[in-house]
Amino acid sequence: MPTRTPDHPFAPGGPVSRELLEAYAAGRCDPDQRHAVERAMEADPLLRDAMDGLHLPGAIEALRTLRPPPPGPPPPPSRGRTLLVVVGALLLGGTWLVVSPMMERPAPVAPERPLRPTMPTAPAPVEALPPMEVAEVMEAEERPANERIGHAADERHHEAMRHMVERTSIDRMEARAPDTATPPRTAPRPVPAHRPSRQLVFLHGYKLVHPDELHPYEPVLHQWQGHTPAAHADHDARNAATGQVRTMAYLPFMDAAMARFHAHDHKAALVELLFVLDQYPDDVNALFYAGLCAYNLGAYARAENFLAQAATHRIDTFDEEARWYHALTLEQLGDHAGARQAFARIAAGGGFYAERAGER
């Protein structure tokens with residue numbers, strides 16, 4: 001039985017060397033070698049074909065000169081592979097350019113930025129107070145004339161000082177009868193951001209910011225028939241007065257309120273201003289003059305709250321005077337340390353009230 005080997009499982013004997021095959025083709029084998037080659041040829045058709053080729057003239061000499069072919073050039077990379085290689089190289093290089101400087105120096109510490117522009121004379125943050133009711137106004141006691149604030153012609157918000165305020169000139173609106181219907185609202189107009197000059201209006205000798213600067217819509221006040229708000233001592237009573245509501249344009253309403261302030265009727269003026277704040281809580285005109293009225297009525301905690309809101313308002317038209325009156329209010333509240341600090345900040349910051357603050 002012919003034997004087989006692991007290297008040639010189909011061969012009946014051992015492997016046949018190239019030298020033996022050449023000797024067989026040249027006729028130089030002894031009988032045993034020739035028998036081994038022939039047995040291998042019977043078992044392997046490919047070997048038999050190869051031996052047929054070696055019997056051709058010159059085949060043995062040609063076989064000795066054959067060399068394995070050199071490795072050919074690598075196949076050209078595909079377009080997608082080229083793109084991936086380029087992108088990978090760019091990403092690697094970019095990452096190194098970013099990371100390398102960060103490894104060489106410590107990360108910078110971002111400076112803290114204030115939420116509001118630095119205002120060395122701004123009061124502390126305003127604490128929320130419950131809304132001031134009409135009954136509280138009626139119970140207040142008017143201060144003596146020599147203790148009142150906000151009326152002198154040499155105050156920054158007085159018309160006599162208008163040449164010291166950057167403004168756009170507009171004619172003072174004449175009072176007119178209240179409108180009986182709410183005018184239709186158009187698309188909201190943008191509320192202007194901080195700028196050094198704003199459109200102002202002077203009513204009864206006192207400065208106000210024009211409503212175009214304050215509200216995205218034309219402000220309209222919802223007014224009760226006959227407008228006797230003192231009869232409604234709280235919000236519930238006012239809300240119960242349904243069927244009696246009329247509307248009035250903003251400037252005519254404020255004209256009436258400022259007429260009462262000019263006449264030193266601070267209770268009536270404050271009631272009107274609270275009526276505005278009930279519908280427009282962020283109205284800087286009403287906040288500022290409500291603070292003055294509350295001070296002149298001895299309601300110093302209310303005055304401090306109103307004036308602090310006016311002094312830190314996004315509309316900065318009343319900032320200087322509101323900070324000055326806020327400092328005076330701190331004195332009346334007995335916060336002498338806070339008042340001294342406020343006066344020192346006003347004096348150091350310069351401006352209209354700096355000299356007065358330096359004398360306190």
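**View 1. Arg 360 sits in the segment after helix α14 (354-358).** This close-up, like the others here, comes from a predicted model. Is Arg 360 buried or exposed? With a relative accessibility of 52%, Arg 360 counts as exposed, because the cut-off for that class is over 50%. Leaving aside residues up to four places away in sequence, Arg 360 touches Trp 324, Leu 328, Glu 331 and Phe 343. With one of these, Glu 331, the side chain of Arg 360 makes a side-chain to side-chain polar contact of 2.6 Å. Have a look at Ala 339 too: its C-alpha atom is 9.4 Å from that of Arg 360, and the two residues are 21 residues apart along the chain.

**View 2. Phe 288, Tyr 289 and Tyr 325 have the most contacts inside the largest nonpolar core.** This core has 63 residues. Which helix gives the largest share of it? That is helix α10 (residues 284-296), with ten residues. Phe 288 touches His 157, Leu 307, Ala 310, Phe 318, Glu 321, Ala 322 and Tyr 325, again not counting residues up to four places away in sequence. Another core, of twelve residues, lies apart from this one; Leu 21, Ala 23, Ala 25 and Met 41 are among its members.

**View 3. Tyr 206, Tyr 289 and Phe 288 belong to one aromatic cluster.** The structure holds 13 aromatic pairs. In one of them, the rings of Tyr 206 and Tyr 289 have centres 6.3 Å apart and planes at 75°, so this pair is edge-to-face.

**View 4. Arg 198 and Glu 213 meet through their side chains in a salt bridge.** The N to O distance is 3.4 Å. Where do the two partners lie? Arg 198 is in strand β2 (residues 198-203), while Glu 213 is in the loop between β3 (206-209) and β4 (220-224), so the pair ties together parts that are 15 residues apart in sequence. Both Arg 198 and Glu 213 are buried. A search of the whole structure finds 15 salt bridges.

**View 5. Arg 148 pairs with Glu 142, and Glu 147 with Arg 143, in two salt bridges.** For Arg 148 and Glu 142, the closest N and O atoms are 3.8 Å apart. Arg 148 is partly exposed, with a relative accessible area of 24%, and Glu 142 is also partly exposed, at 26%. The side chains of Glu 147 and Arg 143 meet at 3.6 Å, N to O. Glu 147 counts as partly exposed at 35% relative accessibility, as does Arg 143 at 24%.

**View 6. Lys 207 and Arg 162 each lie over an aromatic ring.** Lys 207 is placed over the face of Phe 318, at 5.2 Å from the ring centre. Lys 207 is also linked with Arg 156, Glu 320 and Glu 321 in a network of salt bridges. The charged end of Arg 162 sits over the ring of Phe 202, 4.6 Å from the centre of that ring.

**View 7. His 204 and His 264 have positive phi values.** Most residues other than glycine have a negative phi. Phi of His 204 is near 55°, and His 204 is found in the loop between β2 and β3. His 204 counts as partly exposed, at 25% relative accessibility. For His 264, phi is about 65°. Which loop holds His 264? The one between α8 (250-262) and α9 (266-279). At 30% relative accessibility, His 264 counts as partly exposed.

How values were computed:
Residues are numbered from 1 along each chain as its sequence is written. This is a predicted model: local features need pLDDT of at least 70, side-chain atom pairs count only at pLDDT 80 or more; totals for chains, interfaces and linings use all residues. Side-chain values use heavy atoms; hydrogens and water are left out. A nonpolar core is a set of buried Ala, Val, Leu, Ile, Met, Phe, Trp, Tyr and Cys residues joined through side-chain atoms within 4.5 Å. Buried means under 20% relative accessible area, exposed over 50%, partly exposed in between (1.4 Å probe, protein chains only). Helices (H or I, at least four residues) and strands (E, at least two) are DSSP runs, numbered from the N terminus. Contact means heavy atoms within 4.5 Å. A salt bridge is a side-chain nitrogen of Lys or Arg within 4 Å of a carboxyl oxygen of Asp or Glu. A polar contact is a pair of N or O atoms within 3.5 Å; within protein, one must be able to donate a hydrogen and the other to accept it, and residues adjacent in sequence count only if both atoms are side-chain atoms. Rings of Phe, Tyr and Trp (its six-membered ring) pair if their centres lie within 6.5 Å; planes under 30 degrees apart count as stacked, over 60 as edge-to-face and the rest as tilted. A charge sits over a ring if NZ of Lys or CZ of Arg is within 6 Å of the ring centre and within 35 degrees of the ring normal.
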